[in-house]
Structure formats: C-alpha cells, structure tokens
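Dear colleague,

I am handing over the structure we spoke about, with the sequence alongside it. Please look it over first; my notes on what was found follow below.

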Amino acid sequence: MTKLLRPTTLVSILVVLLCVVMAFAPQLIAPGDPLAGTPRDRLLPPSAEHLFGTDSLGRDVFTRVVHGAWLSLAAATLAVGIGGLVGGAIGLLCGAARGRVGTAIDFVVMRFVDVLIAVPGILLALIVVATLGFGPWSIALGVGLGAAGSFARIMRAQVLRVRGEEYVEAAAVLGVRPLGVLSRHILPNAARPVLAMAALELGTAVLSVSAISFLGFGVAPPAPEWGSLVSAGRDYIATSWWLTVLPGAVIVGVVLAVTRLARVIGESR
Amino acid sequence: MNDNILEVSDLQVRYRVGRRRIEAVRGIDLAVPRGGIVALVGESGSGKSSVSQALIRRLAGNGEIAAGRVVFDGQDLLKLPMKRMRAIRGGSIGFVPQDPNSSLNPTLRIGEQLVEGLRLHLKLGREEATERAVRILGDVGLSHPEARARQYPHELSGGMKQRVLIGMAWSCEPQLVIADEPTSALDVTVQRLVLDQMQQLAADRGTAVLMVTHDLGVAADRAEQVVVMRHGQVVDAGPTAAVLHAPTHEYTRDLVAAAPGLNSVRLTASAAPVATEASHPILEIRELRKTFTLRRPGAAPEPFTAVDGVSLAVPAGRTVALVGESGSGKTTTARMAARIETPDSGSVLLDGQDVTTLRGEALRQLRRDVQVVYQNPFGSLDPRMSVAQIIAEPLRAFGLGGRREQLTEAKRLLDAVQLAEGLADRRPAELSGGQRQRVAIARALALSPKLLVLDEPVSALDVSVQQQVLQLLVDLQAERGVGYLFITHDFGVVRQIADEVVVMRQGRVVEQGPAERLLSAPEHEYTRALLEAVPGTAAR
C-alpha cells in the first residue's frame, strides 16, 4: 500500500484517471465544440479563456486535445490488446508444444517472431497502414502486430519456466488432462509478467500511435487526435509555439504516468 | 582469566519487515567454555541462526541487535569498531557455513581461497601461506592436498567442500569456531566423517565450538553441553547427558521423543488396521533399468546408469522403504514405479497388471490407483489455488461428483489429515511446511489410490512436525489399507515407518528384507555403515 502513496505514483494515478474522463466524457472537462472555430480569435496564445491557445482556424486547442483523447487512447489500448492476445497465444502454444510434439513448430514460429522483432515497429505499422488504408484502427492493428513479437517471447519464456515447476508435473501425475494442466496451472501462473508487460507497453503504444498520426496516416481532418494536432502546429512553430508544445506535453505526460504505474504494478508482484 | 571463551547475556535480535518488527531472539544467555563443544538446538524459526549471525555481527540487512552483551575473550564484541571486528572474524573466530555448495567462490582455486585468509590474518608471505594451505587440506583429511589446492570448488564433492570450509575456519588458529548446521546438506555417511573431523580438530587444537543444529542426534553425539531454543528464548540448557537423556523440560522431551535418530520405535496406528491380505503385492517392479546421458561442456556425452536392474514388491497395506544416499538412484526408481518416467527396460506391475508401457488416457486412468507425494511441499502445490481447489483437483480431473460434492469431499479429506476446515480458503503460501505436506497427502488420497509413492515426504520438515506427519501416514494406512513406497535417506525415519526395507547404492539394491531383521542385523557392510552413521546412535 505504501507504494501507492508515493507522490509520483499519486500524480500518475491522477493523470490516468483524467485520461479516462477525457476519453469517455470529454464534455465534463471541455464543454466547447472541438470542431467549431472563431476566425477572429485565430492563433491566440494561451490565456485563461483558451488554456492551450487557439489554432489557425480559431479553434480552442485545449478542447481539441481533450476531445482527441478518445481516438488516441482507444487506438493505443486496442493495439496493446491485439499485441497481447496474438503474441500471448503464439507464445503459449509454442511454449506448450516445445519438447513434446512441436519442437520443430516452436523453432519455425519463433524465428518468424525474431524477424517481427527485428523490423522496427514504426515501419511495420506503416506497412500495415499502407496496406489497409489510413485511419486509427489500422494504426492500432499495425502497432499491435509490432508488439506481438515481444509478447510472444515473454509468454513463451514464462510457459517454459512454469512447465518446469513441480506442481505442473504433480498435476499431470494427479490425472489432470494435458489441456487442463495448460489452462488451470500453466496459463494463470505464466500470465502475470505478460500482464505487467502489457501495462508497460501501453505507454509505448500511445507514443507509436501519436507518431504515426503525426506522419499523417491517422484520422482525416478535422477530427482531433493528439499526433495530428502536433503535426498541424508544425507550420506555425516559429510564431505559435503552443500549437505543438502543449499537445506534445500532454502526450509525454500521459506516457510517463502510464509507464510509472506499470512499473509500480510490476514491482508489487 | 575466565573459563568461558564466549559469554552471551540477554542478547536480543529483531528484524524489520515492512513496518513490523519481529523479535527473533528475545534475550538469551549462553556460555561456551574454552575448548568445549556446545550445541545450540532448535527447530526452524527458533532464532538459532539469528544468534549465530549476531555473534559475529553478520545479521541480514533488516536485522539489528537490540540489546545484550557478547563477551568473547574478555571484550564485548557488540561494542568493538567494525575494523577490529573484521580482524576477529576469520581470525580468532572461525565460521563454518551451512551450505558448502554456495560458500566457496567458484572462480578461485581452493588453495587461493585458503591463502587469502592466512595472509590477511596471520600476515604470512605468499609462499608460506601456500604451503600452510596445503598442510591444512591434509589436516582435514583430503587426499592429495597439493592437487586439491589447485582445483576449483566444482571439482570437489559436497563433503570435500565442507572439509575445505572446516579447514578454512580452523586455518588461523581460532579460539572459537561457530558452525551453523555444518552437515545438514550432506549424506549421513559423509556427515559422520565431517563431524569426526571437526571433533578431532577441536580436541587437537583446544578450540571451542558452538554448533548450531536442528538435529538432536548430532547434538547428542558431539556436544558436551546443549542449549535448546524455541521462539527466540532458551527453554533448556545444561550438560548433554542431563538435557537429552533425562529431559526435564516438556518441549525438550517432545523434541527428543520426535528425533528419529534417538528413538527407534515403529509407530503404531491409533486405530486398528483394516484387514488386508499382506501376501499379495500391490506393486511389483522387475529388473528396472534407466540410463541417462550426461552432457558436460567440453566432454563427450557419456551414458550414466542411474538404476541398474532393481526389483522390489510393495504388499497391499504395507510400507516398503527405499533407502539410499544421494545419487543412489532411489528417486529415479520411485519415479519409474509411479510411471512418471519410463524405464529403459524391465516392467512395472500394478495389482498384477503390466503398466510399463501405458500411454495417454490409459496412463491417466492409472492415476486413480497410484498417487505421488513430493519431497518439497513448497514446490508441489500450485501457488495460485486455494487449499480446497488443490485437494479437489483430482476429483475434478476425473469428473467425480459435482462442484458441491467435491468441496464436501475436500473438507472431509482436510479433516482426515487433521487440518482445520478453516484452512480450505487459504493459499499454499499462507501455510507452514507441515501443513502444506498434509495438503499434499490429502490431495494424493482424494482418489483413494491403492499405492502412494512418497518421495522424501518429511525431509523438509522439522522433527516434531516430521513425527506428526509420519504418525498421520501410519494412521491413514491402517484406515485405508494403502501401500506405501517410501523413499528416504534417513534411517531414523525408516525405523519409524517401514515394514520392509530396500537399501540402494549406485543404482543397485545391496540388501532388502523385513525391517526388524535388516535394522537389527544388517548383512551387508554398506547397510551397517549407513546404520552406524545415523546421528544419535553413539549416544544410545
């Protein structure tokens, strides 16, 4: 419990809670319309009225950041979900098959995984996006597949470790069927480090999703999204710094908070 | 000058765990006379190791000495500056650690490790120290000391390593040696040699020895005085003969009664046994053979025959003890008998049927009749399951009864192994070693098997708990008529539980027969050596 009360952890929890609210009920924080602009108020610096200033069309940047949270965070979460499920399943099957029927299968599949890990994640995601078309959901798929390799490795290593434990042999000797041993003993005991890694991977995914939409492969304008907000501010960086710096700071803050929490979860195991 | 080399008064040690403080040692008094051997005896958690660590101020990071005096040769060790303390450690106080396998630096030669201490404490030159190191290795009874000095720790056996450590403890002519469970990791025959060596050195050099041990037999054989600890306090102390042979304190009496080496009575069941035809064998193994391939880095793979033509039979409702030292092949034999491993040749017959080659579903059905209890109660239970789930698991695996009936049956089994029903929702980590082993036994009995293979089921437990678990096994056998194949290295345990004994050495059976005959009049020389090496025998 004391770990949860550390100041950095408290701040992180607060940030993550704020993110959840931003994603599901943005009106509570920013009641304005993220798409409606007042051309008269274009490129205003941050003030009490416009916390993050306004963009070239006079839209309030703070409102756009808050309303953009849903797409960014949902894509990142989906990416981790896809990566965890696909990678976890591959790792579980390879780990379970090794040494019995499928040492060869394990070898071949894990070499594919090696290739997957060797290709830079961004590049892999770009390939997927280029194939499936632009949009946050194909980004999520691309980023997720990029992470699947690491998930598969961790899961496989855990399965192999747990398989060597005495209680797994004991279960088989008790008369539990092989599938029962896998689902009741091996999976629950192997899953924990994988879950910890998923929490850690969420921060990276937020960053990757933003990076790819920054490159212009994300949502079509004018819908707000964190990466595309930073990208849109690029043209005015010399005169209106807030357009890039403030949404960027939000991304950094969220990634740091999520990563910090993931470490706390990992430690408390 | 005082008669006592070491006098401890009101020593208190506590540990910080989170925000709690745990009082491990609550004010003990202790004295070691010059040249005397004192045994500090207690079960796990009694605080005996904390005492031995506190004496040389080497407690774990979260431990602190709260109060007390440790007077060694006229000076209070607790008040000395760290620098003087370091000169005393290894100099005037030698230390023999518990586990020889992790106490030597694997990257240094044996000789170098001895030389280090000699140069530091006796200020010897390199050559002189090297010569001395070789002599010390000879003194502790190692053959070819010059060659040994040039070897690395992994090239020596456990017993040889412990001798090196004993040599190290004595190398700088100490006045006191503290030995923390010096032989717990060793086989009995090796243990005997190592203890002989220690006693010899202590007598020759007039060194005082404080021996920390859980084994009353060792204490009874070797020590002049015994101090019994429990819950961080001294409950009994005095000359060995008085304390152990005519114990006055209740706890000491219980310990002595439970110590397998000290009493040699076959445990009898509390209830009358069910009638079983002792004549028909429930398990029969014939000419079992198993060869492993040893792969060592830098050497060609060589075959190693772990079990070489072993035959034995377990009658229904009786206990056959399979005895041997480490590496004798007893565990491999048991694993083949339970069909966890497949023999290279030979056959396993259960109830007259050949089950040697069963596979898949047929092998799974065999588990209804044959169950296994493992040595380590910490490893054989799934840490994420509750006690009730663990015990009900075999029932679930064979689809016996609904969820509710399984739970009722689990509670009934908990009761059968004398555990409170309230434990059903606990996880293994919340149980003590003895409780876990009872859970493992309950699980093994869930399917009412005809044969239990017990692989060292009590060797990880304290003596008093060991006694309770053995009694439980005897009672359960009487109640249910289960046959036991009982693997153990401990002849004390054999005396308490076995009807028949099979002695193994290097993969072969050297002697087998009824327990009474084999234990009282062993025919084979090796059996005799094993029996004589059991600690506590000399005292009886």
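To begin with one pairing in chain B: how many bridges join strand β19 to β20(B), and do these strands run parallel or antiparallel? Strand β19, residues 500-505 of chain B, is joined to β20(B) by 6 bridges, and the two run antiparallel. Within this pairing, B:Val503 has B:Glu511 of β20(B) as its bridge partner.

Please keep in mind throughout that this is a predicted model. Its scores are ipTM 0.75 and pTM 0.78, and for chain B the mean pLDDT is 86, with 95% of the residues of that chain reaching 70 or more.

The mixed sheet of chain B

The strands β19 and β20 belong to an open sheet of 6 strands in chain B, whose order is β16-β17-β18-β13-β19-β20 and whose pairing is mixed. The edges are held by β16 (370-373) and β20 (508-514) of chain B, and each of them has a single partner strand, so one side of each is left without a neighbour in the sheet. On average, and with direction ignored, neighbouring strands of this sheet are turned by 15° against each other. Helix α15 (residues 433-445) of chain B packs on the sheet, where the helix touches β16 and β17 (451-455) of chain B, and its direction makes about 175° with that of β16(B).

Strand β18 (residues 483-488) of chain B deserves a separate word, since 6 of its 6 residues are buried. From β18(B), B:Gly483, B:Leu485 and B:Ile487 point one way, while B:Tyr484, B:Phe486 and B:Thr488 point the other way, and all are buried. On one pairing, strand β13 (residues 319-323) of chain B is joined to β18(B) by 5 bridges and runs parallel to it, with B:Thr488 in β18(B) as the bridge partner of B:Val323. The strands β17(B) and β18(B) likewise pair in the parallel sense, over 5 bridges, and here B:Asp455 stands opposite B:Ile487 in β18(B).

The antiparallel sheet of chain B

A further open sheet in chain B is formed by 4 strands in the order β12-β11-β14-β15, and its pairing is antiparallel. Its edge strands are β12 (302-315) and β15 (353-354) of chain B, each with a single partner strand, so one side of each is left without a neighbour in the sheet. Strand β11 (residues 281-294) of chain B pairs with β12(B) in the antiparallel sense over 11 bridges, and the bridge partner of B:Lys290 in β12(B) is B:Val307. Helix α11 (residues 330-337) of chain B lies across β11, β12 and β14 (345-350) of chain B, and runs at about 120° to β11(B).

A helix pair in chain B

Helix α3 (residues 110-122) and helix α4 (residues 126-139) of chain B have axes that come within 9 Å and cross at roughly 120°, and the crossing of α3(B) and α4(B) is right-handed. On the side of α3(B) the contact is made by B:Gly111, B:Leu114, B:Val115, B:Leu118 and B:Arg119, and on the side of α4(B) by B:Ala129, B:Thr130, B:Arg132, B:Ala133, B:Val134 and B:Ile136. Divided by class, the contact of α3(B) with α4(B) has 7 nonpolar, 2 polar and 2 charged residues.

Chain A has 10 helices and 0 strands, and its C-alpha trace spans about 75 × 45 × 25 Å along the principal axes. Of its 269 residues, 46% count as buried, and among the contacts in chain A between residues at least 6 apart in sequence, 68% join residues at least 24 apart.

One residue to look at in chain A is A:Phe134, which is found in the loop between α5 (121-132) and α6 (136-163) of chain A. A:Phe134 counts as partly exposed because it has 16 C-beta neighbours inside 10 Å. Residues up to four places away in sequence not being counted, A:Phe134 touches A:Val129, A:Phe217 and A:Gly218.

The contact between the chains takes 18 residues from chain B and 15 residues from chain A. On the side of chain B that touches chain A, helix α13 (residues 387-397) of chain B gives the most, with 3 residues, and the residues of that side divide into 8 nonpolar, 3 polar and 7 charged.

With best regards

Technical notes:
Residues numbered from 1 in each chain as written. Chains lettered and ligands numbered in written order. Predicted model: local features only at pLDDT ≥ 70, side-chain atom pairs only at ≥ 80, totals over all residues. Buried ≥ 20, exposed ≤ 12 C-beta atoms within 10 Å, placed from the backbone. Contact = placed C-beta atoms within 7 Å. Nonpolar A, V, L, I, M, F, W, Y, C, P; charged D, E, K, R; others polar. Pairing = 2+ DSSP bridges. Axes fitted to C-alpha atoms, helices over the stretch in contact; angles between N-to-C directions. pLDDT = per-residue confidence, 0-100. Left-handed = near helix turned anticlockwise from the far one by under 90°.
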